[in-house]
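Reader: I have just opened this structure and would like to learn how to read it. Could you take me through its features step by step?

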Amino acid sequence: MMDLIVAVLRTGTPMIYVAMAGVLAQRAGVWNLGLEGLMITGACASAVIAEQTGSVALGLLGAVGFCVLLSALLWLVIEKLKANPIIAGLGLTGLGLGGTDFGIQAVYGSEGAVTAPAGIPTLGPAFGPFGVLDALVLAMPVMVFGVWFACRRTRFGLRLTASGEHPFAARSVGADPARMRLIALLLGGVLAGLGGAELSLGGLDIFSVGMTAGRGFMAFSAVIFGAGHPVGATFAALFFALVEFLGIKAQLVFGEHAPRDFVLMLPYIATVLGIWISARLRGGALLSAIEMRDG
Amino acid sequence: MSAALACDGLTIRFGAFTALSAVSLSFAPRQIHAVCGQNGAGKTTFARACAGLLAPSAGTIQIGGNPLRGGHVKDARAAGVELVHQSFALPPSFTIAEAMEFGLTGKRGAVFTRRGLQARWRGHLEALGVDAKPSTRIRDLPVETQQAVEIARALAGDARVLILDEPTAVLAPAAAEALFERLKRLRDSGVTVLIILHKIREVLAVADTVSVLRGGKLVAGPDDAASLTAARIATAIIGHSPAPAGDSAETAEDIGALVGTDLPHGHRHTLTGPRSVAALTGVTTRPGADGQSLQNITLTVGAGEILGIAGVEGNGQRPLVEALAGLVPLTEGSVTLDGATVTDLPLAERRKRGLRIIPFERNTEGLSLSSPLWENFAARSLLAKSALSLIDPAALRRAAHKAFQSWDVRFTSVDNPARSLSGGNAQKVILSREMDAEAKLIILAQPTRGLDLGATAFVWQAMRETRDRGLGLILISSDLDELFDISDRLIVLQGGRIAGQFAPPYDLGRVGSAMVGEH
């Protein structure tokens, strides 16, 4: 049981950070399909910088910096160049996946992996099975609470939500929806950078090309599954992590009898099911939310 | 005493189009000022410019003697100007308390608890007569309450100039009167009210001064309302725009209905045949995404009859169209069309039997804006054929060209996209497609909304001619003047039920109380 909690927290935390980035963007009216790209950029930058400088702190800072820059780029493309946000987000994902692949090959040759000298500090053996939990996992509930509080209990959050749901209403009270989207995307960049760093420096301390393996998209699905609510998205991400853990367990228990490809597919199947269920529950609310932008 | 709000040479252009042209006006404080004009006269543009939502291309706006930086909502609000939009600007997922809060400025109270937020606004809402819990979501409120919330939001700060853009368009007559009383109390407490209206009757009921816009220019005012007559305002509003064609008795009433001077009472019309072209029997539907449904609706439409459907918006008008069109499953009841039961037939089959629809939203449901005009026209005949049948684009183009000419559509080429047309011409394209020779029942949902006087009169004339050819028409409108003027019979929908049936001469009081559910 302890293993389960620890494993789900460790697998879920990177996704939760990235999902919170998605929640902020979604509230401001951007369906951010660039989350996958941000996540891999964060994972790559943190590992490479940690390896080059020997400092995990600089690695985290670098991951955040890169993701904030990329988010600012996404904002420019959407708001100033008037690109379709979905396409622009997918472009960002392509840029992240391709850019990190290319960068690693250029710097480290064809190995496709970087080993960091250390990971994010953990609790340590004194805490038994919980000892492997690192600072970002422990900070995660505080972070989720912070996002929830900002969205649901502050006037800033109301204006952020209004900017996404009814941009004209936001403009009518003097808020600038474009500016709110910039704030949401930049804050999201910080969170996605941390989420990516947790993925590479939160255990194995290795970055390998393509290691996000769709987790950014799963974070995006968690936003939809959780109806844009920070706590809902968190539980959705934990659910996806649980399915992944159960798949691995099944492999350990049944060995050869559990078809490996099917087990690896489980989290993605859960994601598709999650989206389907939330679409059934909310009867097309997703589509109307997308069409709502600037309507 | 300096004016509460004044503008000088105010000009607003959108690209090559001039929406407002050199408007100079000055509104005295503590009065109710009406600004009227027909659709497209620039009223909404004027209101939005005064609220800082639009930056003037030329000219200035002054609030209480201080110049307003154009296009800065924050500045306008800081100066005490608040705008209540025609279609309200409140996020539907917000609770009333959140909707009150999100527009507030200032540092105090930027962070809150849910209960604290509701407590903060309860008193304010009660004082303004908003009859709903602060925890109710905007999307669950009837339109009158949404409007009351929006007005309460506008008054949450220190509003000195309140601008209302066509506030009566969504209200039942009694609610409009209550609104006018509320505005008079606000005026007496020191607020300057600017109210955009297009019905002269309402202007005379509430305004201290009247200004008239026509084609983006100020043609009269602000004049003292006491010195004006309905006829003089009507002349200023209409100007030399195309008068309704047709025989003169109807024309006189049409003009009255168009500018809202006297409410028409309607005329009895003899049916051309005793037969019914469509009937609903005990029709009930499940609530849709917008919460609307039909409850046990039974009605018939006769051949050669215009059946008017009145009601406050959101009381079952949309499900009624969907039920007739076969777009929602019925939980109970049956639908007949031209004598045959069509309850289980899809829309395509119903169209083959003569059902035609002029939908609510002409730009999204009625036309494909990015498609050429001829394709929009050809949709009717193409959809009636099988998917594998061959088409002859040249013939379709010719047919569209011919139909558009006979319907007086102003277009340059049938290959132009539908978005190139003005509202009136776009509606004529839909009419030309839907009012064809094989039509038996035509549903017209808000067919004149947003059209100018000339185009509105054209649509009415087309409806009368179609009726006289022996078709059945269902006219759904939120404009009682329109309904009273051309309906041969009137049904009021309220909460998805039939709340009353009326025959001419119509009585505003009785129709109005049916609309709000008083019997």
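Author: Gladly, and let us begin with domains: their bounds come from an automatic or database domain assignment. For chain B the assignment gives domain 1 (5-238) and domain 2 (276-354 + 438-503). The C-alpha centres of these two domains of chain B lie 33 Å apart.

Reader: What should I know about the model and its labels?

Author: This is a predicted model, where local features need pLDDT of at least 70 and side-chain atom pairs count only at pLDDT 80 or more, while totals for chains, interfaces and linings use all residues. Residues are numbered from 1 along each chain as its sequence is written, and chains are lettered from A and ligands numbered from 1 in the order in which they are written.

Reader: How many residues does each domain of chain B bring to the contact between them?

Author: Two residues are in contact if their C-beta atoms, placed from the backbone, lie within 7 Å. Here domain 1 of chain B supplies ten residues and domain 2 of chain B supplies nine. To sort residues by class, count Ala, Val, Leu, Ile, Met, Phe, Trp, Tyr, Cys and Pro as nonpolar, Asp, Glu, Lys and Arg as charged, and the others, Gly among them, as polar. On the side of domain 1 of chain B that touches domain 2 of chain B, there are six nonpolar, three polar and one charged residues.

Reader: And how many residues of chain B are in contact with chain A?

Author: The contact joins 20 residues of chain B to 16 residues of chain A. To name the elements, we use DSSP runs numbered from the N terminus: helices (H or I, at least four residues) and strands (E, at least two). By class, the side of chain B that touches chain A has twelve nonpolar, four polar and four charged residues.

Reader: How many helices and strands does each chain have?

Author: Chain B has 18 helices and 20 strands, and chain A has twelve helices and two strands. Read from the N terminus, the elements of chain A run α-α-α-α-β-α-α-α-α-β-α-α-α-α.

Reader: What does "buried" mean, and what percentage of chain A is buried?

Author: A residue is buried if 20 or more other C-beta atoms lie within 10 Å of its own, exposed if 12 or fewer, and partly exposed in between, with C-beta atoms placed from the backbone. Buried residues make up 48% of chain A and 49% of chain B. Helix α6 (residues 155-165) of chain A is mostly covered, with ten of its eleven residues buried; among them are Arg155(A), Gly157(A) and Glu165(A).

Reader: Why does Cys151(A) count as buried?

Author: Cys151(A) is buried because 21 other C-beta atoms lie within 10 Å. Cys151(A) sits in helix α5 (residues 135-152) of chain A. Leaving out residues up to four places away in sequence, Cys151(A) touches Arg27(A), Gly157(A), Leu160(A), Thr161(A) and Pro230(A). Arg27(A) is 124 residues from Cys151(A) along the chain, yet their C-alpha atoms are separated by 8.4 Å.

Reader: Which residues have the most contacts inside the largest nonpolar core?

Author: A nonpolar core is a set of buried Ala, Val, Leu, Ile, Met, Phe, Trp, Tyr and Cys residues joined through C-beta atoms within 7 Å. The largest one has 246 residues, and Ala19(A), Ala222(A), Ile163(B) and Ile195(B) have the most contacts inside it. Helix α1 (residues 2-28) of chain A gives the most to this core, with twelve residues.
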